[in-house]
Amino acid sequence: YTILSKVHSDRNVYPSAGVLFVHVLEREYFKGEFPPYPKPGEISNDPITFNTNLMGYPDRPGWLRYIQRTPYSDGVLYGSPTLENVGKPTVIEITAYNRRTFETARHNLIINIMSAEDFPLPYQAEFFIRNMNVEEMLASEVLGDFLGAVKNVWQPERLNAINITSALDRGGRVPLPINDMKEGVYVMVGADVPFSSCLREVENPQNQLRCSQEMEPVITCDKKFRTQFHIDWCKISLVDNTKQVSTFQEVIRGEGILPDGGEYKPPSDTLKSRDYYSDFLITLAVPSAIALVLFLILAYIMCCRREGVEKRNMQTPDIQLVHHSAIQKSTKELRDMSKNREIAWPLSTLPVFHPVTGEILPPLHTDSYENTSMPLMQTQQ
């Protein structure tokens, strides 16, 4: 595999087809392209982001990916070149943006893809590592440790890292920001020898059953990865290209032409008129008639089948009717008395003697409220 840890302007790189290509865009290099801080001696730590695209196009080639977590981390270009691009130089424009000064610096990376001798490798295995992010896995020392563990388990003569893909690109979810959870990464490696017995253990019926029950399968060589890499053995993929090629050659391809189905006959231009009267009766008239009949039945029950007051009184005992009549009469009298609250005061409440002279006053027989609304005790002058 190819690891390029330095970036230079207009640099030529020579990756191999079918082998993982990694190119690091270091912020330290691009810091020299921007002016330093105003204060002398102060360490510059400007936020820098990168934009990468194929020259003359807004995006990168399909096999090339780019990742940068934060403006304070390095950017990484990575991917697996294909045979279609062999011999064609690919010019990638790298534009660095200083988020403090809003200045830019542009460099070109010329990728010359070379053909591999034994590409593609016939036996390919894809591992899913749960405790790694893609930028962590792209580091040269981490990827080297993983390939060393795979080589110890597989024992091949040639072993190459073919591709690395983030779990988010495979439909995975963004992990919760707790317990330092990772998004996971898929790593595909290829070798020139058949798969080892340890890797074949994932195909056992017992392990397949445990995977279907969301249980961890029993793999004898898992301890060789567990110290640094947590492999999800239920998601491992083993591809034997030697068997696929033989099966592919047995397929008989046709000419790619559909059989003759005769001359096309379009519908006639003159369409017959259609009578919608029956459809109207079914959809509107019939439901309306049924609703009208139900309405008439309900009206007859509620209006024409009433028992009436006379029938009610005939079925009610006499003593209950007397009580009811007495209650109604008392209620009427109370209502009449409440209406006549402003009548003349009784004679017993009028003064008998004059409050000043002491003379006897004749009784007053008046019905006006104004003459009788005098106070019982008048204020002496």
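Start by selecting Cys198 and Cys221: both are buried, meaning under 20% relative accessible area, with over 50% called exposed and anything in between partly exposed (1.4 Å probe, protein chains only). Before you go on, know that this is a predicted model, where local features need pLDDT of at least 70, side-chain atom pairs count only at pLDDT 80 or more, and totals for chains, interfaces and linings use all residues. Residues are numbered from 1 along each chain as its sequence is written, and side-chain values use heavy atoms, leaving out hydrogens and water.

Now show the sulfur atoms of Cys198 and Cys221. They sit 1.5 Å apart and form a disulfide, that is, a pair of cysteine sulfur atoms within 2.5 Å. Turn the view to look along the S-S bond: at -75°, this link is left-handed. Cys198 lies in helix α4 (residues 197–200) and Cys221 in the loop between α5 (205–212) and α6 (223–226), so the bond ties together parts 23 residues apart in sequence. Helices here are DSSP runs of H or I with at least four residues, strands are runs of E with at least two, and both are numbered from the N terminus.

Next, pick Cys211 and Cys234. Another disulfide joins them, S to S 2.2 Å, and this one is left-handed too, with -85° about the S-S bond. Cys211 is in helix α5, while Cys234 is in the loop between α6 and β12 (237–240), 23 residues away. Color by accessibility and Cys234 comes out partly exposed, at 34%.

Zoom out: how many disulfides are there by this rule? The count is two, and with the bonded cysteines numbered in sequence order, they pair 1-3, 2-4.

Last stop, Cys303: at 58% relative accessibility, Cys303 is exposed.
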